[in-house]
Amino acid sequence: MSNKIFAVVTLTVAIALAAVTQLIPNEYFFSAAYTVLLFVILATAWNILGGYTGYVNFGSAAFFAIGAYTTVFVYNAFKAPLPVGIVAGTLVAGLAGLGLGYLTLRLRGVFFAIASLALAVVLYIFIVNWDYVGGARGAYVIQPREIPFGLPRYIHLIYAVQLVMAAIALVVARTIERSTLGRGLAAIRDDELAAECSGVPTLKLKIFSTMVSCALMGMAGTTFPYYLSYIEPSSAFSLSYAVNSIAMPLIGGMMSWMGPLIGAVLLGSVQQLVQVTVSSAWNLLIVGVLLVLFVTLAPNGIMGWVDAWRRRKGP
Amino acid sequence: MEVSWALVANAVIAGLLLGGFYAAMSVGISISFGMLDVVNIAHPAFIILGSYIAYIVNDRFGFDPIVVAVAVSPLFFLLGMVLYRIYYVCFERRGQESLRGLAFFFGILFITEVALVLIFGVDYRMVSTRYGDVTWRAGGVDFPMRLVVPFLVSMVMVIGVQLFLTRTFFGRAVLAVAQDQLALRLMGVNPVRVKELAFALSIATAGVAGAFLIVIQPVQPAIGREFIGLVFAVCVLGGMGSILGTLLGAFVLGLAESFTSTFFGPSWAPAVSFGLLLATLAFRPSGILGR
Amino acid sequence: MLGNSVLSALKHAALFIGLALTGTALAQQPLKIGFGMSLTGPLAGNGKAALIAMEIWRDDVNAKGGILGRKVEFVYYDDQTSPATVPSIYTKLLDVDKVDLVVSGYGTNVIAPAMPIVMQRNLTFMTLFGLNVNSKFNYDRYFQIMPAGPNPAVGWSQGFFDAAMSMNPKPKTVALVGADAEYPAMALEGAREHAKKTGLKIVYDKTYPPNTVDYSPIVRAIQATNPEVVFVASYPPDSAGMVRAANEVGLKTRIFGGGLVGPQFAALKTQLGPLLNGVVNYEFYVPDLGSKFPFLDQFLAKYQARAIVEKVDPLGFYLPPYAYAMMQVLEQAITATKGLDQAKRAEYIHKNTFDTYVGKVGFAKNGEWASSRVMMTQYHGITGNDVEQFKKPGRLTVLSPKEYKTGDLKAPYHENKK
């Protein structure tokens, strides 16, 4: 399936899903689904740099928060509507990724990982001290009264937007995966030195991959302030985003665009379920244990199992 | 603000004392990451574990937490060995250590934190020590024992580790394993065993550092995450694989935080530390004393 | 004609029989109250304490036959002190669990995200200790049980600055310090307003990050500005750190404290012990005032028995009485309006005052308390680190408000640390 057809199909499916699910009467579905979709975007974004290129980014929360806070900023400054916030947030996050990449991608992958963690801390402190976006007190974003497309409540709109953004993220991931760029990234992942020697412009590709990955993470965060009406630094920068964005691709499978999708839907739904049934301390325990189990026993994730099973079945 | 010499002197003292404590927390990473190339991002989890063990014994029996931690360090040593074994079998042997090893330790970090929450809850825990509220004052300069005692023991520990690494056969084997594993094998030493014991040592130091932490400040399970960045910052700043570099990095960071706190506002102190880290990574990634 | 009346009589009879059969069943249907509560995360200590208080209320009410003849049941989930969980929790409570009423969790973090949901459905919302949340939403069915008064930021530190200005001669300078977090930021904002009103010159105004390890540099920097008044807004770990640092550095100032969260709880009271002497701070309940709050002793005894078993704050002077009072207001309003109509209940609560365990409660137009009742106290006479001394009177002097005052401020701070 060519990229264009895939894009059309995915977007159509997304919009159709958005329309059909409007019929579900209880709002809880939309709330839970929004959160799962958020993780779909984050996991897919992370995997572009993590699974495709082999560089671990611990600062997913930072880029997520950049997306969220950019939305808050344009809301405060220009009373701009959501679409403006989305575009702005994605761009700023992408630029931040570019900056981080430029500074640290000349070094070993491990330094990039640590730098991404450091960036998250510095950014957190910066936001905490920046009163214009609320600082430590948090910022309020009031959901507009008028809801377009005749949808009953704001959560329905936000959910639909998130669905479309998830589709976009998947399309981007698949396009990269099947392109020359993707092959270059895979070469970097497998053996960077060899790739460099074969003429792959590793630095350029890495920086580009980082930029796209971080931009998408920011995109995931842009609707967050609207979802909650309130955002404050410690929850925006929650390490749960960093852990989940790593665990989900790992569990789903890092080699293709389907892995993060599967991992996010599975793990995200389990977490949502646990949140309203058992005590939530177990929630984190589940993520941690699954992460460790999968990483030691099933390094290629669920997609890896599927592939192995397919191979065993024969041609 | 009147800037008296006493203010400056106190900022320097506080920075150095804090730096000593940071060094104790980071020396383990210097070994595991700097020399063995194992990105043990779960290191702070073991520090917190050490804090809690010190807390339990101190709460129940009243023994001094640092004494407890030193007594319990063989357990941490064993834990380190087991952990390394798993890491080696699952990742290093397969050549998958960069991504998956990282994820593995991340998972360990979380499991430890959540387990502590389930057992102890999220309330802050503190220990009571005989010297906790004592402060020596010498002509306008204060030396709170709460910081001095951990500082002194930490110095003993760090210098002890350095001596071990440079003066004993085994220690030099560790340094060698960092440089050339093949050569080591050719000399009849099993590099895996060496790495296992070195990693165990790093975890043992984490346990002891945990006791320092809980003497200095109240502890709850989630604060481990706050120290991940700091611990790695110290090592990178000082130079990977060099214990003295770690010590230097720790002092630099401690002083930077102390001065920023005192003169510019405590809000920016962590930013300064991490800004230093980012700058180091950008311009001199090998750190101050690195190879 | 006769046919019509027979028909109508039959209809009435059928209705009556039907009602009799199902009506009793309806009356026995439990009254479900839903909420999220911080059972894990940074505020879990308080959240669990509040939950205990609410459960005691539920048991007390059910022992008397429930509300309007219906037994009260709770449906609650752990919100992890994280705003991100709140929309899912409240939509589930309302749309899936179909609870009859919702109340809030503890703290601004979890109250704010719930506001759009309750506003969309026009629900009357009782809330537990959110700081000035309604100033953004201006919702007329929002009610807050924290006694900060109609302008919470300012009301919070009113007593502290009143006490400061009561010193003779009047102080001229003030230092403001607090943690980088929501409550302290709000408290400091209020303090700045007080400084302006009283003409105090602000000589230090900085915040520190929540994971600061060493507070001595901060206290030293404050000392270097020689303030006569030091106002601190902090959370438990930094409250402990600041008090310790003040003792370590030997802070010399005339009045110190004001907005420290933490010393209200047993953990910090016992940990700091005599280090607290001389500190001026807010408290919500003081054993010395026991006689002014009848029934509260009974409640506290029940609470303390459970708290020890469930390992939460063994004193319960902070959140629990107010959590209980919040539910009392709710209960009295439902009973008075004889039903669950949201509009009627909101109107009733706005127009009336309520007798609760924490005294008479009345609400202002914005849902906050009609007047500020934050008690400002000074610690003294604390010896050693045991908890029993705090259960009895004699360790706290209440400085304000006037109706509860038990003594005067002893200044300066560094000469009154006993």
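Me: What span does helix α8 of chain B reach from its first C-alpha to its last?

Reply: In general, an α-helix has 3.6 residues a turn, so residues three or four places apart point the same way. In this predicted model, helix α8 of chain B (residues 191–216) has 26 residues and reaches 37 Å from first to last C-alpha, close to the 38 Å expected at 1.5 Å a residue.

Me: Is α8(B) enclosed or exposed?

Reply: Because 22 of the 26 residues of α8(B) are buried, this helix is largely enclosed by the rest of the structure.

Me: How should I read the open sheet of chain C, and in what order do its strands lie?

Reply: A general point comes before the case. In a regular strand the side chains alternate between the two faces of the sheet. In chain C, 7 strands form an open sheet with mixed pairing, in the order β7-β6-β8-β9-β10-β13-β14. Its edge strands are β7 (201–208) and β14 (396–400) of chain C, each of which pairs on one side only. From one strand to the next, the twist averages 25°.

Me: Which way do β6(C) and β7(C) run, parallel or antiparallel?

Reply: Strand β6 of chain C (residues 173–179) and β7(C) run parallel and are joined by 7 bridges. Within this pairing, C:Leu176 has C:Asp205 of β7(C) as its bridge partner.

Me: Which strands does helix α8 of chain C lie across?

Reply: Helix α8 of chain C (residues 182–198) lies across β6, β7, β8 (229–234) and β9 (255–260) of that chain, and runs at about 170° to β6(C). Helix α10 of chain C (residues 236–249) lies across β6, β8 and β9 of chain C, at about 150° to β8(C).

Me: Where in chain C is C:Pro147 found, and which residues does it touch?

Reply: C:Pro147 is found in the loop between β5 (142–144) and α7 (152–165) of chain C. This proline is buried, because 25 other C-beta atoms lie within 10 Å. Not counting residues up to four places away in sequence, C:Pro147 touches C:Trp369, C:Ser372, C:Arg373 and C:Val374.

Me: How many helices and strands has chain A, and how is its radius of gyration to be read?

Reply: Chain A has 15 helices and 2 strands. Its radius of gyration is 19 Å, close to the 20 Å that the globule rule gives for 315 residues, so chain A is as compact as a globular protein of that length. Buried residues make up 61% of those 315 residues.

Me: Lastly, how many residues of chain A are in contact with chain C?

Reply: The size of an interface is often given as the accessible area lost when the parts come together. Here the description is by contacts: 29 residues of chain A are in contact with 29 residues of chain C. On the chain A side, α2(A) gives the most, with 5 residues. By class, that side has 12 nonpolar, 13 polar and 4 charged residues.

Technical notes: Residues are numbered from 1 along each chain as its sequence is written. Chains are lettered from A and ligands numbered from 1 in the order in which they are written. This is a predicted model: local features need pLDDT of at least 70, side-chain atom pairs count only at pLDDT 80 or more; totals for chains, interfaces and linings use all residues. Helices (H or I, at least four residues) and strands (E, at least two) are DSSP runs, numbered from the N terminus. The radius of gyration is taken over C-alpha atoms; the globule rule is 2.2 Å times the number of residues to the power 0.38. A residue is buried if 20 or more other C-beta atoms lie within 10 Å of its own, exposed if 12 or fewer, and partly exposed in between; C-beta atoms are placed from the backbone. Two strands pair if DSSP finds at least two bridges between them. Axes are lines fitted to C-alpha atoms, for helices over the stretch in contact, and angles run from 0 to 180 degrees between N-to-C directions. Two residues are in contact if their C-beta atoms, placed from the backbone, lie within 7 Å. Ala, Val, Leu, Ile, Met, Phe, Trp, Tyr, Cys and Pro count as nonpolar, Asp, Glu, Lys and Arg as charged, and the others, Gly among them, as polar. The expected span of a helix is 1.5 Å times one less than its number of residues.
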